[in-house]
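Here's a quick briefing to read with the sequence and the fold side by side. Have a look at the model first, then work through the notes below.

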Amino acid sequence: MANLLLMRRHLARDRFVAGVVVASFVALGSVVAPTVSSAAAGPTTFKKIVFKKAGGEPNVSISPDGRTVLVDGLGGSPATLFRSLDGGRSFRPLKATFPMEGGGDFDMRWINNSTVVAADLSLSNGIYVHRSSDRGKTWTTANIHTDVYDRPWLATFGDTVYVVAKGFDGIPYCYISHDQGQTFDPTPIPVYGTGTNPNPGEAYGTNANAYVDHAMTDPTTGQLYVLYGIDTAQTLGQTGPTGGPNRLYVAKLETDPIPQFTSQPVYMGGATDDFIDGFNWLAIDSKSTLYVLGNGLHNGKHTTWLSHSSDGGVHFSKLKNVGLAGGVNVYGSIAAGRPGTLSLVYLRGPKKVPGAAQRWHAEMARITMADQANPKVKTWRPIKKPIHKKDICVDGIVCGLPGFGENRDLLDYIWNAVSPSGRAFAVIASDGPASNGDGVSAILIRQTTGKRLGRGMPS
């Protein structure tokens, strides 16, 4: 009887809060691929909130105390913002204004419980770094004058803010602020390291497909890591008209004898490997274990591939498929909870390739033993209806050109976070029945009951 009452409570009809559609629902059970083992857990339920016409490439960011949750999508300029002051239970739109506005590609990170920074690609004037000291209500803006042309990524530790983005020369650079993003050092640090894997010659000589994927600081030590991908000449004309990133690297910021990055390979791929350009993922747990999620084609499967490093990014484990088998999985994002535990979200279609029209669903998973050779994965489909019914092009701004995929309505990524209380949060883009198909909306998925993941790390 108690379980029946619980199900009735979580199947309550839709309601509206401040113009945002809110719906409660029960997870649709666990479906585990043959390559993915199942981890026992109690009943797990989720709640969704639909942010109508918020736009694609959504982001969710949770303050260190768990009280404030910010969600954005690229439906406005520079972003459409929503704020919760009750830990994600209810949201209201933020009518925020910015002294300077760019093209979006927002990445939001908290510095403390009231101060948050956001990176914004200006398209014509470098990078705008917005800063709010009142939990996102009002903002100031700093400008990094540079010639970057790709999405900027943020990482923070204490009052230090790192911004990493690719320049017109194809080389990623790191810009550093020591005052919470108000000013930045005048000289950036190239991300490609001084070691041989790779060296700057390889980066300059073989590709235009070098991408910054993510940036993250160790929550305990403050060590900065940058994940990036590089293609090699062997991929040209094979995995795509211009080749694709088939190698993944993690760069580590060293300070002795001078500030510089050194890089180590996560995976040195072959001609048939192709990881999504610029949207693979990093996470770090409280024991300083580093996790890399590669999204793309490997071993003939287009899915989400997990690797970890227990020695500060020197050595990485073999890639493990942590997505469901029998279809295609794209745009995976991970966030860390307790040591060895990750939250995972991705979009799944029943066909073998993302470039075919199909019914896409959002999948959420809890990964345990992520720091071991054989992680265990428990997977849920928290939203019954599909979020998209067309193809998904994973080639970025060239989608629609001859030789590339067609549909980029959802843009290029989704996001994941774990709250300080250990609950999983994810935000996805949807233009399908899950959001009533009215333009591109953002949907927040929040875990409400079930086994917790442990205190969340910055994501």
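Predicted model: local features only at pLDDT ≥ 70, side-chain atom pairs only at ≥ 80, totals over all residues.

Residues are numbered from 1 along each chain as its sequence is written, and side-chain values use heavy atoms, with hydrogens and water left out.

**The chain overall**

- The chain holds 2 helices and 31 strands, counted as DSSP runs numbered from the N terminus (helices are H or I, at least four residues; strands are E, at least two).
- Of the 459 residues in the chain, 61% are buried (under 20% relative accessible area, with exposed being over 50% and partly exposed in between, using a 1.4 Å probe and protein chains only).
- Take the contacts (heavy atoms within 4.5 Å) between residues at least 6 apart in sequence: 55% of them join residues at least 24 apart.

**Around R348**

- R348 sits in strand 26, which covers residues 342-349.
- The R348 side chain also gets to the backbone oxygen of A325, at 2.6 Å.
- What about a charged partner for R348? It's buried but has no salt bridge, and the nearest side chain of opposite charge, E363, is 4.6 Å away. For charge, Lys and Arg count as positive and Asp and Glu as negative, while His and the chain ends are not counted; a salt bridge needs a side-chain nitrogen of Lys or Arg within 4 Å of a carboxyl oxygen of Asp or Glu.
- Leaving out residues up to four places away in sequence, R348 touches a set of residues including G326, G327, W360, H361 and R381.

- Four strands make an open sheet in the order 16-17-18-19, with antiparallel pairing (two strands pair if DSSP finds at least two bridges between them).
- Strand 16 (211-217) and strand 19 (260-268) are at the edges with a single partner strand each, so one side of each has no neighbour in the sheet.
- On average, neighbouring strands here are turned by 25° against each other, direction ignored (axes are lines fitted to C-alpha atoms, for helices over the stretch in contact, and angles run from 0 to 180 degrees between N-to-C directions).
- Strand 16 is joined to strand 17 (residues 224-230) by 6 bridges, and the two run antiparallel. V212 has Y228 in strand 17 as its bridge partner, while H214 stands opposite L227.
- The hairpin of strand 16 and strand 17 has 6 residues between the strands, and G222 takes a positive phi near 85° there.
- On the other pairing, 6 bridges join strand 17 to strand 18 (residues 247-254), again antiparallel, with V226 opposite A251.
- How many residues of strand 17 are buried? The count is 7 of its 7. L224, V226, Y228 and I230 point one way, Y225, L227 and G229 the other way, and all are buried.

**Salt bridges**

- The whole structure has 7 salt bridges.
- D65 pairs with R135, with the closest N and O atoms 3.2 Å apart. D65 is in the loop between strand 4 (59-62) and strand 5 (69-73), and R135 is in the loop between strand 10 (127-132) and strand 11 (140-144), so the pair ties together parts that are 70 residues apart in sequence.
- D65 is partly exposed at 36% relative accessible area, whereas R135 is buried at 12%.
- R408 and D412 meet at 2.5 Å, N to O; R408 is partly exposed (24%) and D412 is buried (5%).

- F51, in strand 3 (residues 45-51), is buried with a relative accessible area of 0%. Its C-alpha atom is 9.0 Å from that of P93, 42 residues apart along the chain.
- D277 is in the loop between strand 20 (274-275) and strand 21 (281-284), and is buried at 15%.

Key
Polar contact = N/O pair within 3.5 Å; in protein donor to acceptor, adjacent residues only side chain to side chain.
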